[in-house]
Amino acid sequence: MSDKLLDVKNLTIHYITEDGTVKAVNGVDIELKKGETLGLVGETGAGKTTTALGIMRLVPNPPGKILSGEIYFEGNDILKISEADMRKIRGNKISMIFQDPMTSLNPVMTVGEQIAEVIEIHEGLNKKDAIEKAKKMLELVGIPGARHVDYPHQFSGGMKQRVVIAIALACNPQLLIADEPTTALDVTIQAQVLDMMKKLKEEFETAMILITHDLGVVAEVCDKVAIMYAGEVIESASIEDLFNNPKHPYTIGLFGSIPNLEEEVERLNPIKGLMPDPTNLPSGCPFHPRCPKATELCKTQVPKNTDLGNGHKVRCLIYEGLVEA
Ligand SMILES: Nc1ncnc2c1ncn2[C@@H]1O[C@H](COP(=O)(O)OP(=O)(O)O)[C@@H](O)[C@H]1O
Ligand SMILES: [Mg+2]
């Protein structure tokens, strides 16, 4: 068996709505080894959350539909297994921290009960033992175990976020998908939470997909990066290769827009123009209307995924030798 934990091939997910078909995810490939962390980066609307929901098999249907692809987890295609088997994997082997996690806590349950609930279900412990383990999980994310009797409203934003992480880690998943886990937090707390996630990942060898629009976060935590644009991974590489040697004009544009320390910028707004409307994607390369290098050919020819070696892949006609760099 290979050391691949997750192997997503050609995943395509569309939302079929009255206003048209939203082509959210269009042939995404993702590979992850045990213990590895991938940063999934892209502007709002690039298809990051939909990709994650696809891996969890939680795409709302309708309007969402997984049109094609394979998602191998530990060698089995989880798109082919029963919902009952998927439920055993979800929250047990694969766990997800949702975007806007603050709302995923139950206001009328103590945080200890909420963590213990996961442990009871997945490890079959009795309530008392589960609470004991819940206390340990709280300590692990830097909250005194004695506070297990408190309710979510008694915690600060950063602490609530850490509780959510404790819940996601309570079953000791092999894969943790964290969808913008720190976006709602202020910068100092954000750094603390990221630092903690990094330590936990090292301690438990949890593989992680960290979804973010912040390249700074990626540099800090991830082993490799996939850059998404209009539902496609347009470039993927190790951290070193991507930061030292970005290839896709879009990625290069992203780096060009990294603010210097004096400026404070909340959101990526990299390159002139907007993300294309996913109900009406451009022909050829979806980035061509914004691309400084675009030629006539880019308007019609769909770029292939070119392997530059060392796991560095890019979708751009320049690297097929068809367009001048
Ligand atoms: N339930 C839904 N119904 C219709 N369109 C959706 C739904 N969820 C997401 N979308 C659309 O799919 C596209 C990708 O969204 P999403 O995966 O949330 O991107 P990201 O997480 O990168 O911001 C967007 O155009 C979004 O509006
Ligand atoms: Mg999202």
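Predicted model: local features only at pLDDT ≥ 70, side-chain atom pairs only at ≥ 80, totals over all residues.
**Figure 1. Helix α5 and the neighbours around it.** How many of the residues of α5 are buried? The count is 11 of 13, so this helix is largely enclosed by the rest of the structure. Among the buried ones you can look for Gly 158, Met 159, Val 163, Val 164 and Ala 166. Helix α5 itself covers residues 157-169 and reaches 18 Å from its first C-alpha to its last, close to the 18 Å expected at 1.5 Å a residue.

**Figure 2. Helices α5 and α6 side by side.** The crossing of α5 past α6 is right-handed. Which residues of α5 meet α6? They are Gly 158, Gln 161, Arg 162, Ile 165 and Leu 169. On the α6 side, look for Ile 189, Gln 192, Val 193, Met 196, Met 197 and Leu 200. A handy rule for reading such a view is that an α-helix has 3.6 residues a turn, so residues three or four places apart point the same way.

**Figure 3. Helices α3 and α4 crossing.** Here the axes of α3 and α4 come within 8 Å and cross at roughly 120°. Helix α3 passes α4 in a right-handed crossing. Residues of α3 that make the contact include Val 111, Gly 112, Ile 115, Ala 116 and Ile 119. From α4, the contributors include Lys 127, Ala 130, Ile 131, Ala 134 and Met 137.

**Figure 4. Lys 65 in strand β4.** Lys 65 is found in β4, which spans residues 64-73. Is Lys 65 buried or partly exposed? Its relative accessibility is 42%, so Lys 65 counts as partly exposed. Leaving aside neighbours within four places in sequence, Lys 65 is in contact with Thr 12, Ile 13, His 14, Ile 16 and Val 59. Ile 78 lies 13 residues from Lys 65 in sequence and 15 Å from it in space, C-alpha to C-alpha.

Figure 5. The structure holds 0 disulfides. Cys 298 is in no disulfide, and the nearest cysteine sulfur, that of Cys 285, is 6.3 Å away. Cys 298 is buried, with a relative accessible area of 9%. Cys 171 counts as buried too, at 8% relative accessibility.

Notes
Residues numbered from 1 in each chain as written. Chains lettered and ligands numbered in written order. Heavy atoms only, no water. Helix = DSSP H or I, 4+ residues; strand = E, 2+ residues; numbered from the N terminus. Expected span 1.5 Å × (residues − 1). Buried < 20%, exposed > 50% of the residue type's maximum accessible area, 1.4 Å probe, protein only. Disulfide = S-S within 2.5 Å. Left-handed = near helix turned anticlockwise from the far one by under 90°. Contact = heavy atoms within 4.5 Å. Axes fitted to C-alpha atoms, helices over the stretch in contact; angles between N-to-C directions.
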